[in-house]
Amino acid sequence: MASSTVEPKLEKKEEVEVEVEENPTGDDEDTGAPVAPIVRLQEVAVSTGEENEHVLLDLKSKLYRFDKEGSQWKERGVGTVKLLKHKETGKVRLVMRQSKTLKICANHLVLPTMSIQEHAGNEKSCVWHAADFADGELKDETFCIRFASVENCKAFKEKVEEIAESQQTKSGESEEAGAAATELIEKLSVESKDKNDKPEDKEAPAATEEKEDKKEENADEKN
(Lines give C-alpha, C1' and ligand atoms only; values in the text may rest on other atoms or scores of the structure.)
Protein backbone atom coordinates (compact mmCIF):
# COMPACT_ATOMS: atom_id res chain seq x y z
CA MET A 1 0.00 0.00 0.00
CA ALA A 2 1.57 3.16 -1.08
CA SER A 3 1.77 5.90 1.42
CA SER A 4 0.59 9.29 0.36
CA THR A 5 2.46 12.36 1.40
CA VAL A 6 0.60 15.54 1.98
CA GLU A 7 2.51 18.69 1.52
CA PRO A 8 1.80 21.24 4.22
CA LYS A 9 0.11 24.33 3.07
CA LEU A 10 2.01 27.44 3.91
CA GLU A 11 -0.16 30.39 4.63
CA LYS A 12 1.18 33.54 3.24
CA LYS A 13 0.93 36.39 5.59
CA GLU A 14 -0.36 39.44 3.95
CA GLU A 15 1.83 42.43 4.45
CA VAL A 16 -0.21 45.25 5.77
CA GLU A 17 1.00 48.60 4.85
CA VAL A 18 0.43 51.14 7.56
CA GLU A 19 0.46 54.70 6.57
CA VAL A 20 2.06 56.87 9.22
CA GLU A 21 0.84 60.35 9.22
CA GLU A 22 3.56 62.89 9.52
CA ASN A 23 3.10 65.26 12.41
CA PRO A 24 -0.35 63.93 13.41
CA THR A 25 -0.74 66.46 16.22
CA GLY A 26 0.20 69.45 14.08
CA ASP A 27 2.33 71.07 16.81
CA ASP A 28 4.87 72.61 14.42
CA GLU A 29 2.36 73.60 11.82
CA ASP A 30 2.47 77.29 10.97
CA THR A 31 -1.00 78.63 11.51
CA GLY A 32 -0.09 82.18 10.65
CA ALA A 33 -1.21 83.48 14.03
CA PRO A 34 0.99 86.25 15.52
CA VAL A 35 3.22 85.17 18.39
CA ALA A 36 4.15 87.77 20.98
CA PRO A 37 7.80 87.76 22.13
CA ILE A 38 8.49 86.63 25.67
CA VAL A 39 10.96 89.46 26.35
CA ARG A 40 10.79 92.84 24.70
CA LEU A 41 14.16 94.50 24.12
CA GLN A 42 14.40 98.26 23.89
CA GLU A 43 16.58 99.94 21.31
CA VAL A 44 19.63 101.55 22.86
CA ALA A 45 21.47 104.37 21.11
CA VAL A 46 25.21 103.64 20.96
CA SER A 47 27.53 106.63 20.86
CA THR A 48 30.85 106.23 19.04
CA GLY A 49 32.15 109.71 19.82
CA GLU A 50 32.33 110.47 16.10
CA GLU A 51 28.93 112.16 15.78
CA ASN A 52 30.40 115.70 15.65
CA GLU A 53 33.15 114.78 13.20
CA HIS A 54 33.39 114.65 9.42
CA VAL A 55 35.14 111.68 7.78
CA LEU A 56 38.03 112.78 5.56
CA LEU A 57 39.46 109.32 4.88
CA ASP A 58 38.28 105.76 5.52
CA LEU A 59 40.50 102.81 4.53
CA LYS A 60 40.95 99.17 5.55
CA SER A 61 44.39 98.46 6.94
CA LYS A 62 46.56 96.58 9.43
CA LEU A 63 48.29 98.44 12.25
CA TYR A 64 51.50 97.63 14.10
CA ARG A 65 53.06 99.18 17.20
CA PHE A 66 56.79 99.16 17.94
CA ASP A 67 57.59 97.49 21.27
CA LYS A 68 60.58 99.30 22.72
CA GLU A 69 61.27 96.66 25.36
CA GLY A 70 61.29 93.78 22.90
CA SER A 71 62.66 95.87 20.02
CA GLN A 72 60.10 94.42 17.61
CA TRP A 73 56.88 95.24 15.80
CA LYS A 74 53.68 93.90 17.35
CA GLU A 75 50.34 93.69 15.61
CA ARG A 76 47.82 96.15 16.98
CA GLY A 77 44.82 95.06 14.95
CA VAL A 78 43.10 94.76 11.58
CA GLY A 79 40.31 97.19 10.80
CA THR A 80 39.48 100.60 9.40
CA VAL A 81 41.60 103.70 9.82
CA LYS A 82 39.80 107.06 9.70
CA LEU A 83 40.81 110.70 9.59
CA LEU A 84 38.08 112.68 11.36
CA LYS A 85 37.69 116.46 11.37
CA HIS A 86 35.73 118.09 14.18
CA LYS A 87 32.89 120.26 12.90
CA GLU A 88 33.45 123.06 15.45
CA THR A 89 37.15 123.15 16.35
CA GLY A 90 38.48 122.01 12.96
CA LYS A 91 40.98 119.66 14.65
CA VAL A 92 41.70 116.36 12.89
CA ARG A 93 42.42 113.08 14.62
CA LEU A 94 43.42 109.61 13.45
CA VAL A 95 41.23 106.78 14.74
CA MET A 96 41.47 103.07 13.99
CA ARG A 97 39.19 100.31 15.32
CA GLN A 98 39.39 96.54 15.04
CA SER A 99 36.89 95.22 12.53
CA LYS A 100 35.25 92.58 14.77
CA THR A 101 35.48 93.94 18.32
CA LEU A 102 35.57 97.67 17.39
CA LYS A 103 38.32 98.07 19.97
CA ILE A 104 40.35 101.25 19.44
CA CYS A 105 43.84 100.55 18.08
CA ALA A 106 44.96 104.17 17.61
CA ASN A 107 43.53 107.53 18.65
CA HIS A 108 45.58 110.71 18.36
CA LEU A 109 45.51 114.21 16.84
CA VAL A 110 47.20 115.00 13.53
CA LEU A 111 49.51 117.81 14.66
CA PRO A 112 51.68 120.13 12.54
CA THR A 113 54.76 118.38 13.96
CA MET A 114 53.62 114.95 12.78
CA SER A 115 55.92 113.45 10.18
CA ILE A 116 54.93 110.37 8.19
CA GLN A 117 57.34 108.34 6.11
CA GLU A 118 57.23 105.33 3.82
CA HIS A 119 58.41 102.14 5.48
CA ALA A 120 61.78 101.03 4.18
CA GLY A 121 61.41 98.27 1.61
CA ASN A 122 57.59 98.27 1.56
CA GLU A 123 55.61 100.67 -0.59
CA LYS A 124 52.34 99.60 1.06
CA SER A 125 53.37 100.69 4.57
CA CYS A 126 53.91 103.99 6.41
CA VAL A 127 55.59 104.85 9.72
CA TRP A 128 55.06 107.77 12.10
CA HIS A 129 55.34 108.90 15.75
CA ALA A 130 52.45 110.25 17.83
CA ALA A 131 51.19 110.85 21.37
CA ASP A 132 48.45 108.22 21.35
CA PHE A 133 45.43 107.96 23.66
CA ALA A 134 44.06 104.55 22.60
CA ASP A 135 44.72 102.95 26.00
CA GLY A 136 43.18 105.79 28.00
CA GLU A 137 46.43 107.65 28.65
CA LEU A 138 48.90 109.55 26.51
CA LYS A 139 51.80 107.41 25.29
CA ASP A 140 54.57 108.21 22.84
CA GLU A 141 54.08 105.49 20.23
CA THR A 142 55.65 104.52 16.92
CA PHE A 143 53.13 103.11 14.47
CA CYS A 144 53.38 101.25 11.18
CA ILE A 145 50.33 100.82 9.01
CA ARG A 146 50.00 98.50 6.00
CA PHE A 147 47.42 98.70 3.23
CA ALA A 148 46.26 96.26 0.61
CA SER A 149 47.55 98.42 -2.25
CA VAL A 150 50.18 101.03 -2.99
CA GLU A 151 47.45 103.47 -4.05
CA ASN A 152 45.75 103.35 -0.63
CA CYS A 153 49.05 103.84 1.16
CA LYS A 154 49.89 106.82 -1.03
CA ALA A 155 46.43 108.35 -0.50
CA PHE A 156 46.77 107.97 3.28
CA LYS A 157 50.27 109.48 3.39
CA GLU A 158 49.35 112.45 1.19
CA LYS A 159 46.18 113.18 3.20
CA VAL A 160 48.04 113.15 6.50
CA GLU A 161 50.73 115.47 5.13
CA GLU A 162 48.05 117.81 3.75
CA ILE A 163 46.27 117.98 7.11
CA ALA A 164 49.51 118.55 9.04
CA GLU A 165 50.44 121.40 6.70
CA SER A 166 47.00 123.03 7.05
CA GLN A 167 47.22 122.75 10.83
CA GLN A 168 50.60 124.47 10.67
CA THR A 169 49.08 127.36 8.68
CA LYS A 170 46.21 127.73 11.13
CA SER A 171 48.65 127.65 14.03
CA GLY A 172 50.72 130.44 12.44
CA GLU A 173 47.63 132.55 11.82
CA SER A 174 46.53 132.06 15.43
CA GLU A 175 49.96 133.12 16.69
CA GLU A 176 49.90 136.28 14.54
CA ALA A 177 46.39 137.12 15.72
CA GLY A 178 47.44 136.54 19.32
CA ALA A 179 50.51 138.75 18.93
CA ALA A 180 48.40 141.53 17.38
CA ALA A 181 45.87 141.31 20.20
CA THR A 182 48.64 141.42 22.81
CA GLU A 183 50.19 144.49 21.16
CA LEU A 184 46.81 146.25 21.07
CA ILE A 185 46.17 145.50 24.76
CA GLU A 186 49.62 146.84 25.70
CA LYS A 187 48.99 150.02 23.68
CA LEU A 188 45.65 150.61 25.36
CA SER A 189 47.20 150.00 28.77
CA VAL A 190 49.92 152.60 28.11
CA GLU A 191 47.40 155.20 26.93
CA SER A 192 45.23 154.60 29.99
CA LYS A 193 48.26 154.97 32.25
CA ASP A 194 49.23 158.26 30.60
CA LYS A 195 45.75 159.66 31.22
CA ASN A 196 45.82 158.66 34.88
CA ASP A 197 49.30 160.13 35.43
CA LYS A 198 48.50 163.47 33.68
CA PRO A 199 48.86 166.40 36.26
CA GLU A 200 45.90 168.66 37.00
CA ASP A 201 45.91 172.03 35.26
CA LYS A 202 47.09 174.84 37.56
CA GLU A 203 45.11 178.06 37.80
CA ALA A 204 46.43 180.75 35.52
CA PRO A 205 48.47 183.51 37.31
CA ALA A 206 46.37 186.29 35.75
CA ALA A 207 43.17 184.86 37.12
CA THR A 208 44.75 184.59 40.58
CA GLU A 209 45.88 188.20 40.62
CA GLU A 210 42.39 189.31 39.52
CA LYS A 211 40.82 187.49 42.44
CA GLU A 212 43.24 189.09 44.91
CA ASP A 213 42.44 192.62 43.59
CA LYS A 214 38.73 192.04 44.11
CA LYS A 215 39.35 190.93 47.69
CA GLU A 216 41.31 194.14 48.42
CA GLU A 217 38.52 196.33 46.92
CA ASN A 218 35.89 194.65 49.06
CA ALA A 219 38.03 195.20 52.17
CA ASP A 220 38.41 198.95 51.41
CA GLU A 221 34.64 199.43 50.95
CA LYS A 222 33.95 197.87 54.34
CA ASN A 223 36.44 200.20 56.06
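**Close-ups of a predicted model**

Lys82 is partly exposed, with 23% relative accessible area (buried is under 20%, exposed over 50%, partly exposed in between; 1.4 Å probe, protein chains only). This is a predicted model, with local features needing pLDDT of at least 70 and side-chain atom pairs pLDDT 80 or more, while totals for chains, interfaces and linings use all residues. Residues are numbered from 1 along each chain as its sequence is written, and side-chain values use heavy atoms, leaving out hydrogens and water.

**View A. Lys82 pairs up with Glu50.** Their side chains meet in a salt bridge at 3.4 Å, N to O (a Lys or Arg side-chain nitrogen within 4 Å of an Asp or Glu carboxyl oxygen). The two sit 32 residues apart, Lys82 in strand S2 and Glu50 in the segment before S1 (strands are DSSP E runs of at least two residues, helices H or I runs of at least four, numbered from the N terminus). Glu50 counts as buried, at 15%.

**View B. Lys74 meets Asp67.** Here the closest N and O atoms are 3.2 Å apart. Lys74 is partly exposed at 38%, whereas Asp67 is buried at 12%.

**View C. Trp128 in the largest nonpolar core.** Such a core joins buried Ala, Val, Leu, Ile, Met, Phe, Trp, Tyr and Cys through side-chain atoms within 4.5 Å. Beyond four places away in sequence, Trp128's contacts (heavy atoms within 4.5 Å) include Leu63, Met114, Phe143 and Phe156.
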